[in-house]
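Please look through this structure with me.

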Amino acid sequence: MSQSLDSRAQPLADRLRDRIKQAGPITFHDWMQAALYDEHEGYYRRPDRVRQGRTGDYRTAPETSPLFGATFANYFAKCYLDLGRPTSWTIFEIGAGRGHFAHAVLATLRTSFPDVFQATRLLIDEIGDEARRAVAQKVTSFSDRVEFRSIAQVTSPFVGIIFSNELVDAFPVHRVIGGPDGLRELYVDVNQAGDFVWTHGDLAPGVAGFCEQIDLRLADGQVYEVNLAAEDF
């Protein structure tokens, strides 16, 4: 237990250094996975990090204006009618940010399409306790029809819509580089000074298969990002 706690107390950069020193260079995919989604210090998991809004790192369309969610609410209402007005249906949002889209959709449905609103339940797949708390606070007035669920936990078919906005571009990627001997994968290593540096290695099996499938050809030094997680998703 003490070793686990000590490991968690280490800064992420030091944990990555130790990992590389013990097991060798890691793919950029694993580096990006840690940087974004590490349970304690990942960019999207840290409770102390303001990511969205005027004081954050970026602004998304749903956060900028409720018109984005309202526009999709109109489209969702049409989908509901196209599906034959089911007695209940589901809007499943994957990667809900801070809940601005979910709130705008439900508010618009309640005002403009009350019949659709009554039939709607909203499932949200969002990682991290802090993120779920932020979404829950934003949609507190709709708490009776909002539920947090991982899409991987859904085993039964349902009638509805699966929606995401700016999600796939946040999946970790492998980086492939062209060279005189063909395609190589970019890995992250640590030099004697403790700095993180690039190195090349063989393509991981999944990466090699993908590159062969699309007949990827790169000039010397040209880099291509392979998003296998998008394929799986």
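This is a predicted model: local features need pLDDT of at least 70, side-chain atom pairs count only at pLDDT 80 or more; totals for chains, interfaces and linings use all residues.

1. The chain averages a pLDDT of 89, and 91% of the residues score at least 70. Treat the start with care: over residues 1-6 the pLDDT is below 50. That stretch has zero contacts in the model beyond near neighbours in sequence.

2. How many disulfides are there? A search of the whole structure finds zero. C79 counts as buried because its relative accessibility is 10%, under the 20% cut-off. C211 is buried too, with a relative accessible area of 4%.

3. Helix α6 covers residues 100-112. Its 13 residues should span 18 Å at 1.5 Å a residue, and the end C-alpha atoms are 18 Å apart, which agrees. Buried residues in α6 include F101, V105 and L109. In an α-helix, residues three or four places apart point the same way.

4. The count comes to 15 aromatic pairs. One is F28 with W198: the centres are 5.7 Å apart and the planes at 40 degrees, so the pair is tilted. This pair links helix α3 to strand β8, 170 residues apart in the chain. F28 is buried at 17%, whereas W198 is partly exposed at 45%.

5. F92 and F158 form another tilted pair, 6.2 Å centre to centre with 35 degrees between the planes. F92 is in strand β2 and F158 in the loop between β4 and β5. F92 is buried at 0% relative accessibility; F158 is partly exposed at 27%.

6. F68, F72, Y75, F76, F101 and F163 form one aromatic cluster. Elsewhere, R145 lies over the face of F117, at 4.2 Å from the ring centre. R175 lies over the face of F28, at 5.7 Å from the ring centre.

How values were computed:
Residues are numbered from 1 along each chain as its sequence is written. Side-chain values use heavy atoms; hydrogens and water are left out. pLDDT is the predictor's confidence in each residue, from 0 to 100. Contact means heavy atoms within 4.5 Å. A disulfide is a pair of cysteine sulfur atoms within 2.5 Å. Buried means under 20% relative accessible area, exposed over 50%, partly exposed in between (1.4 Å probe, protein chains only). Helices (H or I, at least four residues) and strands (E, at least two) are DSSP runs, numbered from the N terminus. The expected span of a helix is 1.5 Å times one less than its number of residues. Rings of Phe, Tyr and Trp (its six-membered ring) pair if their centres lie within 6.5 Å; planes under 30 degrees apart count as stacked, over 60 as edge-to-face and the rest as tilted. A charge sits over a ring if NZ of Lys or CZ of Arg is within 6 Å of the ring centre and within 35 degrees of the ring normal.
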